[in-house]
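Please keep the sequence and the model in view while reading.

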Amino acid sequence: MTEDRPRAAVQTHELMLALVRGPALAVVTLPLSILLFTLSLVSIVLLPIGVGVVTTPPTQQAVRWYANQRRRLVREWGGLEVPEPYRPLPRRPHSGIVGQVERCTLLLKDPATWRDMAWLPADMTAGFVTALLPPMLPINHQLTKAMLEPTREMLLTQRVEQLYETRHDAVDSSAAELRRIERDLHDGAQARLVAMGMSLGTIEALIEHDPAKAKQMIAQARENSAEALTELRDLVRGIHPPVLAERGLPDALRALALRMPVPVEEDIELPGRFDEPVETAVYFAVSELLTNAAKHAEPAKVWLDVLYVADESAGGDSRIRVTVTDDGKGGASLDAGSGLQGVQRRLAQFDGVLALSSPSGGPTMATLEVPAPLA
């Protein structure tokens with residue numbers, strides 16, 4: 001009997017919320033749905049005469065904003081997650097009429113645009129009725145979820161496009177890395193070895209006639225050989241750090257933290273070894289994040305936290321989660337430079353993600369996650 005009272009209280013509370021939320025939702029959404037559907041329809045009808053090319057993009061952006069607000073309400077009020085189904089638009093669109101036509105074409109080719117258009121009439125009819133009657137508010141949430149969530153075909157298309165983009169980036173990155181290695185070998189170690197060979201030839205000619213000069217050139221050749229060896233080691237470390245291959249990711253990250261010019265407090269909890277490409281990607285991503293923090297943020301201290309998140313659910317992905325936090329001046333952006341974009345591209349090859357929070361004045365927190373089953 002006592003257990004029924006809390007349950008009844010919860011149901012009463014939910015009913016009271018529905019009595020307030022439902023009519024408010026109906027009153028606000030009905031005119032918005034009618035207005036946006038009318039504007040969208042008129043813009044599409046005016047496409048043949050060119051006017052729709054100008055009006056369709058802002059109209060569809062307004063529809064998407066409205067749909068996203070409804071997705072948020074469904075998540076907060078109904079506890080239902082409704083992912084966004086939209087295809088990404090170009091980050092740097094063309095300017096002028098060419099960019100306008102390109103944007104309009106991409107919006108109209110996106111199936112999510114037409115699903116939004118089909119949802120608006122349903123929202124102004126069935127959605128209005130189910131919102132106006134408080135007990136039927138959960139049905140309104142279910143209707144919104146069913147019509148605004150991505151279909152299986154849309155998810156598959158998004159996945160294919162993402163895979164195409166990440167694999168294309170992987171090929172470009174590999175080609176750029178090979179060019180960098182070739183350039184470093186040509187301009188660094190190779191040049192020093194050629195100079196050392198010429199010095200040895202000169203030494204061979206001088207050793208009988210001018211032993212003092214030959215001795216001086218031998219010392220110089222020894223210095224050149226040491227510098228060439230150092231450059232080769234740096235090159236190898238840039239391809240695959242020896243400590244990473246020998247000691248694993250935790251010790252490699254600790255060694256990386258020790259080499260930073262600012263104090264780095266590290267907390268690394270990893271249970272074992274992972275696939276070599278994943279370890280390499282995480283290592284260089286952390287290296288870039290720490291270097292960026294030390295170079296641009298002017299921090300007094302940096303914190304490095306590395307955690308292994310094991311997902312034991314069916315089909316779940318265990319992953320490595322890394323957080324780099326600094327107390328610097330903030331203001332970092334994923335679009336501001338090529339370094340963080342390079343980290344994003346490297347992680348995307350493994351379905352990893354990078355998130356950044358960096359308000360002006362700091363602190364800056366960069367978090368990356370990479371699916372990583374234990375090797």
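## A helix checked by its length

The model discussed here is predicted. Helix α10 has 22 residues, and at 1.5 Å a residue it should span 32 Å. The C-alpha atoms at its ends are 31 Å apart, which agrees with that expectation. Helix α10 covers residues 276–297.

Directly after α10 comes Glu298, in the loop that leads from α10 to β2. Most residues other than glycine have a negative phi. Glu298 is not a glycine, yet its phi is positive, at about 55 degrees. Is Glu298 buried or exposed? Its relative accessibility is 59%, and because exposed means over 50%, Glu298 counts as exposed.

## The chain as a whole

The protein chain contains eleven helices and five strands. Of its 375 residues, 33% are buried. The chain exposes about 21700 Å², and carbon and sulfur atoms supply 60% of this area.

Contacts can also be sorted by separation along the sequence. Among contacts between residues at least 6 apart in sequence, 69% join residues at least 24 apart.

## The sheet

In what order do the five strands of the open sheet lie? The order is β1-β2-β3-β5-β4, and the pairing is mixed. The edge strands are β1 and β4, each of which pairs on one side only. Neighbouring strands are turned by 10 degrees against each other on average, with direction ignored. Strands of a sheet pair through backbone hydrogen bonds, either parallel or antiparallel.

Both kinds of pairing can be located in this sheet. Strand β1 (residues 264–269) and strand β2 (residues 302–309) run parallel and are joined by six bridges. Within this pair, Glu266 stands opposite Leu304 in β2. From β1 the chain passes through α10 to reach β2, and this β-α-β crossover is left-handed. The antiparallel example is β4 with strand β5 (residues 364–371), which pair over five bridges. There, Val353 has Glu369 in β5 as its bridge partner.

## Helices across the sheet

Which strands does α10 lie across? They are β1, β2, β3 and β5, and α10 runs at about 10 degrees to β3. Helix α9 (residues 249–258) lies across β1, β2 and β3, running at about 175 degrees to β1.

The loop between β1 and α10 holds Phe274. Phe274 counts as buried because its relative accessibility is 4%, and buried means under 20%. Phe274 and Leu249 are 25 residues apart in sequence, while their C-alpha atoms are 8.2 Å apart in space.

## A buried arginine

Elsewhere in the chain, Arg70 is found in helix α2 (residues 51–78). Arg70 is buried, with a relative accessible area of 3%. Which residues does Arg70 touch, not counting those up to four places away in sequence? They are Leu25, Thr29, Trp119, Asp123, Asn140, Thr144 and Leu148.

## Summary

Helix α10 links several parts of this account. Its end-to-end distance of 31 Å agrees with its number of residues, it forms the helical part of the left-handed crossover from β1 to β2, and it lies across β1, β2, β3 and β5.

Note on methods. Residues numbered from 1 in each chain as written. Predicted model: local features only at pLDDT ≥ 70, side-chain atom pairs only at ≥ 80, totals over all residues. Heavy atoms only, no water. Pairing = 2+ DSSP bridges. Helix = DSSP H or I, 4+ residues; strand = E, 2+ residues; numbered from the N terminus. Right-handed = clockwise from strand over helix to strand, strands pointing away. Buried < 20%, exposed > 50% of the residue type's maximum accessible area, 1.4 Å probe, protein only. Contact = heavy atoms within 4.5 Å. Areas by Shrake-Rupley, 256 points an atom, 1.4 Å probe, with all protein chains shown as cover. Expected span 1.5 Å × (residues − 1). Axes fitted to C-alpha atoms, helices over the stretch in contact; angles between N-to-C directions.
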